[in-house]
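The stops below go from a sheet to a ligand and then to the domains.

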Amino acid sequence: MSSVWILCGKISYEVERVSEELEKLGVLHSIFSWNEITLPFKGENLPRVVWHRYDPTVSMVFQFCVLEEFERQGVYVINRKEAVENSDKASIYLLWSKYLRNHVKMPDTLVTRDIDAAVSFLKSHRRVVFKPLASGRGLGVQLIEWNEFAPKLLEELLRKYGCIFLQKYIHNPNYDVRSIVIGGRVVASFARYNERDFRHNIHCGGQGLKIEEMGRVSKVAFECVRVAEQIAPMITEITGLDMYGLDLLPGIDNSVYLLEWNAFFGFEGLEKTTGLNVAREVARYIALKLGERR
Ligand SMILES: Nc1ncnc2c1ncn2[C@@H]1O[C@H](COP(=O)(O)OP(=O)(O)OP(=O)(O)O)[C@@H](O)[C@H]1O
Ligand SMILES: [Mg+2]
């Protein structure tokens, strides 16, 4: 029986790459789908380490129950459930407010079910970004400008998503910086540039650029990496995340804003843009945790 399990939905680029790098390190591992898991475990040979990937088609409660049960059985779970719960967009803002506000800026944010509160927030900022609380790839993220139709739009969004998350729009030089943090350390960063969509995500047409390339035309790219390196260990400590993707946004005034951290991050765009081996870093971290549990 394998000492490491990769638990996932579909076999993504990330799963294939990490599996490949584990293989190279000689770490015995198996890939399981969430569909193959039945609780309670009945005397299975459980692994010592689980690296799991969120599957949006599987009940979140079920996924959390599985992670909890692994943890109860003494399995090291990457990322552990409590840390994942510290990574939705509302929690990120609230954690930033309590622990990080003296270290990095974050755009003014409101999370509510009160339409009047949402309308007055929009009126005061004129232009805001709506985000679903848990999403990815820029899905559902949209710009809202204040006008007479805006209250109706906010009502529709409340009905659809059950909650309104609004964030002040920050004028920026058409890119953001994504860093991958593993064990509290930034292992790789790249810029995502998009002139066509205010969302810089690769899935929204963003183009990946090395930090040196981006920094040649916009120096604040280097400052984003410096800030990422400074706050990465703090976020690790606050959240308990073993690894995460960190998104920072430069403003046109050269200040750096925290946008979010992602407990489940893709790294295809980053590896292909920079040539850096993120999967090897993930695999080494898994091997390290495995070594600690022998
Ligand atoms: N407050 C803001 N001001 C300006 N642009 C923003 C703001 N918030 C988000 N954006 C843009 O929208 C993109 C998507 O936003 P965000 O990263 O918060 O959502 P996401 O859907 O979770 O994306 P990811 O796939 O990175 O998890 C950002 O990468 C950024 O380009
Ligand atoms: Mg993002």
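In what order do the five strands of the open sheet stand? The order is S11-S10-S9-S12-S13, with antiparallel pairing; strands are DSSP runs of E, at least two residues, and helices runs of H or I, at least four, numbered from the N terminus. Two strands pair if DSSP finds at least two bridges between them. This is a predicted model: local features need pLDDT of at least 70 and side-chain atom pairs pLDDT 80 or more, while totals for chains, interfaces and linings use all residues. Residues are numbered from 1 along each chain as its sequence is written, and chains are lettered from A and ligands numbered from 1 in the order written.

Then select S12 with S13: six bridges join the two, and proline 250 stands opposite valine 256 in S13.

Now show ligand 1. Its shell holds 24 residues, of which Pro107, Gly136, Ile170, Arg199 and His200 come nearest; a residue is near if its C-beta atom, placed from the backbone, lies within 6 Å. S13 supplies the largest share, three residues. S8 (164–168) and S12 (243–250) each supply at least two.

Finally, colour by domain, with bounds from an automatic or database domain assignment: domain 1 (4–83), domain 2 (109–168) and domain 3 (171–262). The shell around ligand 1 draws at least three residues from each of domain 2 and domain 3. The C-alpha centres of domain 1 and domain 2 lie 35 Å apart.
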